[in-house]
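Here are my notes on the model you asked me to look over. Please read them alongside the sequence and the coordinates.

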Amino acid sequence: MQEFPHDLHRQRGAVRLPRIIHRPDLQSRRQRSVFALVAGIGWMLWLCLLLPLATIGSWIFGVHRFDTYVIDNHGHAWASLAIYAATIVLAGAALLVWAFYNYRRFRHADRRQPASPVTPEKLALSFGVNSAQVAELQRARSVTLEHDAKGNIIGAARHEEV
């Protein structure tokens, strides 16, 4: 295993890895299924805990009045539907005006630029190593990197030259 000097980790562009790396593609189907099941159970429990609060909120804001004035009274139902339709039309019109405004504002501005090619020097600065080490690691077919607690590279093992 190749050791990297620790003073290189203090360079300005060293990559900072997140504390948790979420890579479901590296999990087996069974692990992903169990994770989805546990997450689903957690969401159901969370919703069950919030249901009493939603009920209290509906009592405070008068949801029972919806039944009385809209569903049970057909005259109010048609008036309510007209209000809902007008609200939808106004919201749609506002969305169209906003879209047209943004189209007019940005129609000739192409701010999307292709990414600049990554040079070995930029890659070395990003990983906190030198260019020679990057070139050596790029020649390998497979590399195992070892990181410290802060995400800095502290060692590398090359496998099978290209």
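Predicted model: local features only at pLDDT ≥ 70, side-chain atom pairs only at ≥ 80, totals over all residues.

1. Residues are numbered from 1 along each chain as its sequence is written, and side-chain values use heavy atoms, with hydrogens and water left out.

2. The chain has five helices and three strands, with helices (H or I, at least four residues) and strands (E, at least two) taken as DSSP runs numbered from the N terminus. From the N terminus on, the order is β-α-α-α-α-α-β-β. Of the 162 residues in the chain, 14% are buried, that is, under 20% relative accessible area with a 1.4 Å probe, protein chains only.

3. Helix H4 (residues 120-127) and helix H5 (residues 131-139) have axes that come within 8 Å and cross at roughly 100 degrees, the axes being lines fitted to C-alpha atoms over the stretch in contact, with angles from 0 to 180 degrees between N-to-C directions. H4 is therefore roughly perpendicular to H5 (65 to 115 degrees).

4. On the H4 side, Pro120, Glu121, Leu123 and Ala124 meet Ser131, Val134 and Gln138 of H5, contact meaning heavy atoms within 4.5 Å.

5. Within H5, Gln133, Val134 and Leu137 are buried. Seen down the axis of H5, its buried residues fall within an arc of 100 degrees, so they line one face of the helix; the arc is that of the directions from the helix axis to the C-beta atoms.

Conventions: Parallel < 35°, antiparallel > 145°, perpendicular 65-115°, else oblique. Buried < 20%, exposed > 50% of the residue type's maximum accessible area, 1.4 Å probe, protein only.
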